[in-house]
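Student: Before we look at anything in particular, could you show me how to read the packing of helices in a model, step by step?

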Amino acid sequence: MSKVIYIVLTETGSLLSRAIQLYTQENFNHVSIAFDRDLQEMYSFGRKFDKNPFIGGFVQENANSKLLRSANCAIYECTVTDEQYELLQQKIHYYKIHMEKYRYNFIGLIGIACHIKLEREYAFFCSQFIATLFKEAGLCLDGRCPYFTKPTDFTRLHYLKLCYSGKLNNFIFVPRTEPMPNIPINSIGKLA
């Protein structure tokens, strides 16, 4: 048997988001993992408060929040085994229980820019966290190290299937009587 998880790439248009985008020249600068198509169970490392990007850590994200609902996004389906799904659920449960000791790894972002592996205990940036989960679940990262994984690196994993690209609130509020249209992958690459 198999199950599906969702990898959600976003760009909120916030000041911090635009600054990161200026540096990376990538369309998306945040990544989350979700366990349901309605994105009710969506997790990452990010801001704990919508209005303060500098206080961050492990978060359960609300796709209907003011910050995310108008975000540009690309949503990928990832088929996993029952065992991988269970392991990912267990890992998320662990982070929920211990969320107070985890922080956002701002220093790790500097490591990406300088190509230096900066290890910090109890700290992740969003793509480092998702890549670590993938690695622990035995999902191939195509040789990428979690410390150097960027959100858009997930778009290059052959086993992820793009199921939606557009405004997040359009995905959330669309009735699921028909499958979402597939968007060509080249439409979500680097900024022109």
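Tutor: We will go from the overall layout to one pair of helices, and then to a single side chain.

Student: How many helices and strands does the protein have, and in what order do they run?

Tutor: Bearing in mind that this is a predicted model, the protein has 6 helices and 8 strands, and from the N terminus on the elements run β-α-β-β-β-α-β-α-β-α-β-α-β-α. Of its 192 residues, 45% count as buried, while the exposed surface comes to about 10,000 Å², with carbon and sulfur atoms supplying 57% of it. Among contacts with a separation of 6 or more, residues 24 or more positions apart account for 62%.

Student: Which quantities describe two packed helices?

Tutor: In general, the description rests on the angle between the two axes and on the distance between those axes. Here, the axes of α3 and α5 come within 9 Å and cross at roughly 135°. An angle over 145 degrees would count as roughly antiparallel, and one from 65 to 115 as roughly perpendicular, so α3 and α5 are oblique to each other. The crossing of this pair is right-handed.

Student: Is α5 mostly covered or mostly open, and which of its residues are buried?

Tutor: Helix α5, which spans residues 126-136, is mostly covered, with 9 of its 11 residues buried.

Student: Where is Gln84 found, and why does it count as buried or exposed?

Tutor: Gln84 is found in helix α3, which covers residues 82-97. Buried means a relative accessible area under 20%, and Gln84, at 15%, is therefore buried.

Student: What does the side chain of Gln84 reach?

Tutor: The side chain of Gln84 reaches the backbone oxygen of Ala137 at 3.1 Å. Leaving aside neighbours within four places in sequence, Gln84 is in contact with Ala137, Gly138 and Leu139.

Technical notes
Residues are numbered from 1 along each chain as its sequence is written. This is a predicted model: local features need pLDDT of at least 70, side-chain atom pairs count only at pLDDT 80 or more; totals for chains, interfaces and linings use all residues. Side-chain values use heavy atoms; hydrogens and water are left out. Buried means under 20% relative accessible area, exposed over 50%, partly exposed in between (1.4 Å probe, protein chains only). Helices (H or I, at least four residues) and strands (E, at least two) are DSSP runs, numbered from the N terminus. A polar contact is a pair of N or O atoms within 3.5 Å; within protein, one must be able to donate a hydrogen and the other to accept it, and residues adjacent in sequence count only if both atoms are side-chain atoms. Contact means heavy atoms within 4.5 Å. Accessible areas come from the Shrake-Rupley method with a 1.4 Å probe; for residues, only the protein chains shown count as cover. Axes are lines fitted to C-alpha atoms, for helices over the stretch in contact, and angles run from 0 to 180 degrees between N-to-C directions. Angles under 35 degrees count as roughly parallel, over 145 as roughly antiparallel, 65 to 115 as roughly perpendicular and the rest as oblique. A crossing is left-handed if the near helix is turned anticlockwise from the far one by less than a right angle, and right-handed if clockwise.
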